[in-house]
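Please read it alongside the sequence and the model.

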Protein chains: 2
Amino acid sequence: MINVLVVDDQLLVRAGLRSLVEHADDLAVVGEAANGREALKIARQHRPDLILMDLQMPVLSGVEAIAAVRADPLLRDTPVLVLTTFDDDRDVVDAIQAGASGYLLKDVGADELRTAIRTAVEGGAPVAPVVAKRMMGQISRMPSRKIREETLGDLTSRELEILELVGRGLSNAEIGAELYLSPETARTYVSRLLAKLDARDRSQLVVLAHRAGLSD
Amino acid sequence: MINVLVVDDQLLVRAGLRSLVEHADDLAVVGEAANGREALKIARQHRPDLILMDLQMPVLSGVEAIAAVRADPLLRDTPVLVLTTFDDDRDVVDAIQAGASGYLLKDVGADELRTAIRTAVEGGAPVAPVVAKRMMGQISRMPSRKIREETLGDLTSRELEILELVGRGLSNAEIGAELYLSPETARTYVSRLLAKLDARDRSQLVVLAHRAGLSD
DNA sequence: GACAGCCTCCATCGTTGGGTCGACGTCAGC
DNA sequence: GCTGACGTCGACCCAACGATGGAGGCTGTC
């Protein structure tokens with residue numbers, strides 16, 4: 001039996017969700033909350049298996065509430081399934097970074113919602129196709145392996161090491177200390193990197209390093 | 001009627017997919033291909049409404065094939081739905097950056113697959129919950145608005161402008177030229193930024209700018 | 001009017017960075 | 001054994017950077 005906490009500031013929506021959720025034998029609503037603060041309080045009391053949460057709420061927004069859940073030692077592992085009306089890029093990214101376990105829109109079908117709840121409890125991340133499109137848009141803008149290999153292709157492994165440290169903002173002396181080299185050697189490498197990568201500054205090297213995804 | 005091109009290097013899988021897909025009245029398989037090169041050829045001939053593609057393939061991998069589809073003026077708008085066995089972070093990111101329209105795993109249910117095909121054709125992005133979890137993991141590692149506001153909170157708008165240019169690797173003189181300032185003024189701002197953000201180098205400023213997501 | 005905050009400019013001085021050489025050692029491969 | 005690629009170190013010199021402290025002007029607000 002999966003116990004669900006329903007969080008939405010509109011009474012009507014909560015009622016609708018309750019009837020939807022309880023239509024299934026394996027699902028039950030153990031509480032309702034009208035805002036983030038209430039949600040946290042009730043969640044700590046009832047320890048639901050999943051929190052179904054709207055984002056637009058007074059007092060404590062959905063995103064803040066999700067972050068609070070993830071920060072709470074008691075609730076840390078409770079999946080939070082976002083169920084909201086909009087799919088702004090900003091909302092989606094914020095919710096995910098706050099620690100959401102899934103992201104559905106309110107036009108979701110009844111069966112879909114129930115399936116999503118089960119999926120989230122099992123550790124999966126149910127996401128509405130429109131939202132997934134947003135997510136993919138974000139990922140498209142990330143540094144790609146292709147760029148990495150194209151720009152860093154003919155660097156030796158040692159040069160890559162140095163570039164990575166330059167990309168962290170280290171000075172030549174610090175790089176030398178980090179790799180047990182003399183500062184002069186570090187400078188030699190940086191000079192070579194500048195020539196190879198057609199950069200003028202070490203700060204341009206930093207830009208390249210980040211563009212190539214060397215920051216991870 | 002939605003015409004589907006099935007791409008997989010295993011005959012058996014293609015046969016299975018064909019029977020699954022054609023089980024619905026509104027779906028039809030208009031072609032099969034065993035690798036990326038074939039897929040492109042047949043796609044150009046038949047102009048399917050959707051391409052169902054495995055990633056692991058000889059000759060031309062799935063990711064490469066997707067990129068080729070997106071680069072082809074005739075096929076540019078044809079959705080490519082990835083259907084594969086694994087969900088490596090790398091595969092997922094590569095496929096998305098190549099231009100995939102969705103990402104399913106081969107343990108998908110028959111109904112789910114058919115629904116996903118329709119969703120993809122309509123412009124949505126069907127994604128398996130496990131894959132969505134990977135995607136969310138990627139997005140979690142991106143620069144967040146929170147960090148941005150925390151680190152850049154008490155900067156004036158002008159200072160932000162300068163920081164953005166520093167983050168692109170410009171020198172003081174270039175910043176001055178860009179903003180119609182004297183180089184000395186640019187230096188003054190950079191100095192202030194160094195003090196405010198507790199950095200020592202302009203290269204550390206570049207790091208901060210990128211961490212805060214000022215590169216977009 | 002006094003004041004604070006912001007934007008703009010400048011001069012000086014020490015430090016770092018970067019270009020350009022050259023040198024030595026190692027190791028793989030022909 | 002020679003060559004070439006790589007890694008390491010150093011010396012020279014000039015340009016850029018960064019710290020510091022100052023200055024004037026422009027907005028607002030009290």
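What rotation superposes chain A on chain B, and with how much shift along its axis?

1. The model is predicted: local features need pLDDT of at least 70, side-chain atom pairs count only at pLDDT 80 or more, and totals for chains, interfaces and linings use all residues. Residues are numbered from 1 along each chain as its sequence is written, and chains are lettered from A and ligands numbered from 1 in the order in which they are written.

2. Chain A is superposed on chain B by a rotation of 180° with 0.0 Å of shift along its axis, at an RMSD of 0.1 Å (least squares on the C-alpha atoms of residues with pLDDT of at least 70 in both copies). The two copies are thus related as by a two-fold rotation axis. In chain A, the C-alpha nearest this axis belongs to Ser203(A), at 2.3 Å. Both copies use the same surface, since 100% of the contact residues of chain A recur in chain B (contact: C-beta atoms, placed from the backbone, within 7 Å).

3. Chain B holds an open sheet of five strands in the order 2-1-3-4-5, with parallel pairing (strands are DSSP runs of E, at least two residues, and helices runs of H or I, at least four, numbered from the N terminus; paired strands share at least two DSSP bridges). Strand 2 and strand 5 (102-105) of chain B stand at the edges with a single partner strand each, so one side of each lacks a neighbour in the sheet.

4. Strand 1 (residues 2-7) of chain B pairs in the parallel sense with strand 2 (residues 27-33) of chain B over six bridges; here Val6(B) stands opposite Glu32(B).

Conventions: Contact = placed C-beta atoms within 7 Å.
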